Amino acid sequence: MKKFFAGIIFLAFCSLVLPATDMRLTATDAVQMALENNISLKQAQISFNSLKRQKWTSYGGLIPSVNGSFTIHSPNEKPVAPLAYDYTLSAGVNISWTITPMMFTNIFQAKLSYDSGEISYEQATRSIELS
């Protein structure tokens, strides 16, 4: 009985594996498949995308800060005369923009890292295509 089940499992495995070996690829298709399924190329692409995000977030320091407030104050006591409520309204907006030389250094460094990552990704792609 064990041999029977082992034989069925073997036949099922062969029926799945044998059709896959009949695939014919052109050189272009083989290169394209290698580019799509290469792990080191995917890792290089992830690193490149991370550097791209760092480049754009480095500009976030140039965005000004805006704060707003609104206050209504009413008295605790009832007014003596009708319609003589003494309400106080106040509103305010505060805008601040801090620029330091370090911000520009960070932006420049992020851009250099991005450019370096782009070159590394292109080199990794070319090395896969040529090998």
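Visitor: What share of the contacts in the protein chain with a separation of 6 or more comes from residues 24 or more positions apart?
Guide: This is a predicted model. Contact here means heavy atoms within 4.5 Å. Take the contacts with a separation of 6 or more, and pick out residues 24 or more positions apart: their share is 68%.

Visitor: Which pattern does the protein chain follow along the sequence?
Guide: Start with the parts. The secondary structure comes to 4 helices and 2 strands. Read along the sequence, they give the pattern α-α-α-β-β-α.

Visitor: How much of the protein chain counts as buried?
Guide: The cut-off for buried is under 20% relative accessible area. The chain has 131 residues. Of these, the buried part is 12%.

Visitor: What part of the accessible surface belongs to carbon and sulfur atoms?
Guide: Begin with the total. The accessible surface of the protein chain comes to about 11,200 Å². Carbon and sulfur atoms hold 63%.

Visitor: Which residues make up the largest nonpolar core?
Guide: In soluble globular proteins, nonpolar side chains tend to be buried together. Here the largest such core has 5 residues. They are L35, L41, A44, A124 and I128.

Visitor: Which helices each supply at least two residues of this core?
Guide: The core holds L35, L41, A44, A124 and I128. Helix α3 spans 39-57, and α4 spans 101-130. The helices that each supply at least two core residues are α3 and α4.

Visitor: Which residues is L35 in contact with, leaving aside its neighbours within four places in sequence?
Guide: L35 belongs to the largest nonpolar core. Two of its contacts, L41 and I128, are listed in that core as well.

Visitor: Is A44 buried or exposed?
Guide: A44 lies in helix α3. Its relative accessible area is 19%. The cut-off for buried is under 20%, so A44 is buried.

Visitor: Which residues touch A44, leaving aside its neighbours within four places in sequence?
Guide: A44 and E122 are 78 residues apart in sequence, yet their C-alpha atoms are 9.2 Å apart in space. Contact asks for heavy atoms within 4.5 Å. The residues in contact with A44 are Y121 and A124.

Visitor: How far apart are the C-alpha atoms of S127 and L41?
Guide: S127 is in helix α4. At 39% relative accessibility, S127 counts as partly exposed. S127 and L41 are 86 residues apart along the chain, but their C-alpha atoms are separated by 9.7 Å.

Visitor: Which side chains meet in a salt bridge?
Guide: Side chains of opposite charge can pair when their charged atoms come close. A search of the whole structure finds 1 salt bridge. Its N to O distance is 3.2 Å, and the two side chains are D115 and K111.

Visitor: Where do D115 and K111 lie?
Guide: D115 is partly exposed, at 26% relative accessibility. K111 is also partly exposed, at 37%. They are 4 residues apart, about one turn of the helix, and both lie in α4.

Visitor: How far from K55 is the nearest side chain of opposite charge?
Guide: K55 lies in helix α3. K55 is buried yet has no salt bridge. A salt bridge needs a nitrogen and an oxygen within 4 Å. The nearest side chain of opposite charge is D115, at 5.6 Å.

Visitor: Which residues is S65 in contact with, leaving aside its neighbours within four places in sequence?
Guide: S65 is found in strand β1. S65 is partly exposed, with a relative accessible area of 34%. Its C-alpha atom is 6.2 Å from that of W97, 32 residues away along the chain. The contacts of S65 are N94, I95 and S96.

Visitor: Is I63 buried or exposed?
Guide: I63 is in the loop between α3 and β1. Its relative accessible area is 60%. The cut-off for exposed is over 50%, so I63 is exposed.

Definitions and conventions
Residues numbered from 1 in each chain as written. Predicted model: local features only at pLDDT ≥ 70, side-chain atom pairs only at ≥ 80, totals over all residues. Heavy atoms only, no water. Buried < 20%, exposed > 50% of the residue type's maximum accessible area, 1.4 Å probe, protein only. Core = buried A, V, L, I, M, F, W, Y, C linked by side-chain atoms within 4.5 Å. Areas by Shrake-Rupley, 256 points an atom, 1.4 Å probe, with all protein chains shown as cover. Lys, Arg positive; Asp, Glu negative; His and termini not counted.
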